[in-house]
Amino acid sequence: MVSHIELSLNRFQLLEPHNLHQVNESGRVSDQEADPTLSVDGPIRWQDGRPIDKQGEEVVRHNVEVAPTRSPRDEPLGNSIAGMIRDLAGEVRGGFENSNTNQKEIRGLCGTLRQKLDDLAERTAALECEVSNLRRATEENREAIHRVKQGEESLQVKLETMENRMRRNNLRLLKVQEELEKGDLKGLVVRLIKQSTQIEEEEEVLLKDIQRVHRDPFRKTTNREKPRKILVCFHTYAIKERILSMALKNKTVSAEGIDFEIRSDLSTTTLNRQWELGKRIDVLKRLGAMAQLKFPAALKVMANNKMYVFKDIRDVDGLIKSLDKDYQPLG
């Protein structure tokens, strides 16, 4: 396309004012035309289309060919446009080359980014797999801990039951002053039991049925005026139960001028639960419910025309909360 434009425009020459002959009204060339084939000294003028020197003589034309001197503006118009088009084409070609180079760099960056994204996706998948394994392991550990807790609770119940069975023939005597023993603790216990419960067995039978008797070796408080409890172990479970049933009719019994208590001997865990259940019995009675402590440490409740039996203190607190929304669990 460029060659066609060049061939079409080479037929024309760039016309500039200094290349034009100024023609007068007669149609002849004025003396402003410069002819390089003329050899003259000094300025010349034109007359009737002929060069005349200053003396008025005709200037002789020599048959010499002189190459005309052209300025950049004397170049043909087609050549100028073709050059401009060539320059523009070169710039476009350079732009395309730069664009290709930039595209290669962009492709390289895209490839690097794609590789990094693939690596990141692999690492993410590995992390997700690891997290899934950790969650599964955590869930398994949680289940294992739950089973261990259940086993521990079961073992505690069994241990408490075994300890209570070992103490099933025992009685505790509370608030008996230590100075009343006078070296014969067993005789004092028999007299107190016989006088306070009016049991049918004679003192000699009770003396023979008592396997051992002693005071608690440890004081529960620093108050030395508070007497230590007396522990009595019987051979016969039936005799122990008759004494206990008669003593429980009243919270306190009297003998030989003193007031004391007779209680069954149970494990520390059972005794603490009995104490907590006893406090909740008072709350239930204030709310209009009927409550009774069952051996060894259970609570029987009549509320809302329903019968409940609780062994867990938390279940008792739940029932009380349903009866009184303002109830706060006891410590």
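## Basis of the model

The structure is a predicted model, in which local features need pLDDT of at least 70, side-chain atom pairs count only at pLDDT 80 or more, and totals for chains, interfaces and linings use all residues. Residues are numbered from 1 along each chain as its sequence is written, and side-chain values use heavy atoms, with hydrogens and water left out.

## Overall composition

The protein contains seven helices and ten strands. These elements are DSSP runs numbered from the N terminus, with helices being H or I of at least four residues and strands E of at least two. Of its 331 residues, 26% count as buried; buried means under 20% relative accessible area, exposed over 50%, and partly exposed in between, with a 1.4 Å probe and protein chains only.

Contact is defined as heavy atoms within 4.5 Å. Among contacts in the protein with a separation of 6 or more, 54% are between residues 24 or more positions apart.

## The five-stranded sheet

Five strands form an open sheet in the order β4-β5-β3-β7-β6, with antiparallel pairing; two strands pair if DSSP finds at least two bridges between them. Strands β4 (210-215) and β6 (253-255) stand at the edges with a single partner strand each, so one side of each has no neighbour in the sheet. On average, neighbouring strands of this sheet are turned by 30 degrees against each other, direction ignored. Helix α3 (residues 185-197) packs on the sheet and touches β3 (170-174), β4, β5 (230-234), β6 and β7. The direction of α3 makes about 105 degrees with that of β4; axes are lines fitted to C-alpha atoms, for helices over the stretch in contact, and angles run from 0 to 180 degrees between N-to-C directions.

Strand β7 (residues 258-264) pairs with β6 in the antiparallel sense over three bridges, and Val 253 has Phe 260 of β7 as its bridge partner. The pairing of β3 with β7 is likewise antiparallel, over four bridges, and here Leu 174 has Glu 261 of β7 as its bridge partner. Strand β7 is mostly covered, with six of its seven residues buried. The hairpin formed by β6 and β7 has two residues between the strands, and Glu 256 in the turn has a positive phi of about 55 degrees.

## Salt bridges

A salt bridge is a side-chain nitrogen of Lys or Arg within 4 Å of a carboxyl oxygen of Asp or Glu, and by this rule the count comes to 16. In one of them, Arg 215 meets Glu 181 at 2.1 Å, N to O. This pair links distant parts of the chain, with Arg 215 in strand β4 and Glu 181 in the loop between β3 and α3, 34 residues apart. Both Arg 215 and Glu 181 are buried.

Another salt bridge joins Arg 191 and Glu 256, whose closest N and O atoms are 2.7 Å apart. Arg 191 lies in helix α3 and Glu 256 in the loop between β6 and β7, 65 residues apart. Arg 191 is partly exposed at 29% relative accessible area, and Glu 256 is also partly exposed, at 39%.

Arg 280 and Asp 317 form a salt bridge as well, at 2.7 Å, N to O. The pair connects helix α6 (residues 268-286), which holds Arg 280, to helix α7 (residues 313-323), which holds Asp 317, across 37 residues. Arg 280 is buried, with a relative accessible area of 1%, and Asp 317 is buried at 12%. Salt bridges that share partners join Glu 276, Lys 279, Arg 280 and Asp 317 into one network.

## Aromatic side chains

One aromatic pair is found in a search of the whole structure. Rings of Phe, Tyr and Trp (its six-membered ring) pair if their centres lie within 6.5 Å, and planes under 30 degrees apart count as stacked, over 60 as edge-to-face and the rest as tilted. Tyr 308 and Phe 310 form a stacked pair, at 5.7 Å centre to centre and 10 degrees between the planes. Tyr 308 is partly exposed at 22% relative accessible area, whereas Phe 310 is buried at 11%.

Arg 168 lies over the face of Tyr 237, at 3.9 Å from the ring centre. A charge sits over a ring if NZ of Lys or CZ of Arg is within 6 Å of the ring centre and within 35 degrees of the ring normal.

## Thr 270 in helix α6

Thr 270 lies in helix α6 and counts as buried, at 0% relative accessibility. Leaving aside neighbours within four places in sequence, Thr 270 is in contact with Glu 160, Asn 164, Pro 296 and Ala 297. The C-alpha atoms of Thr 270 and Asn 164 are separated by 8.3 Å, although the two residues are 106 residues apart along the chain.
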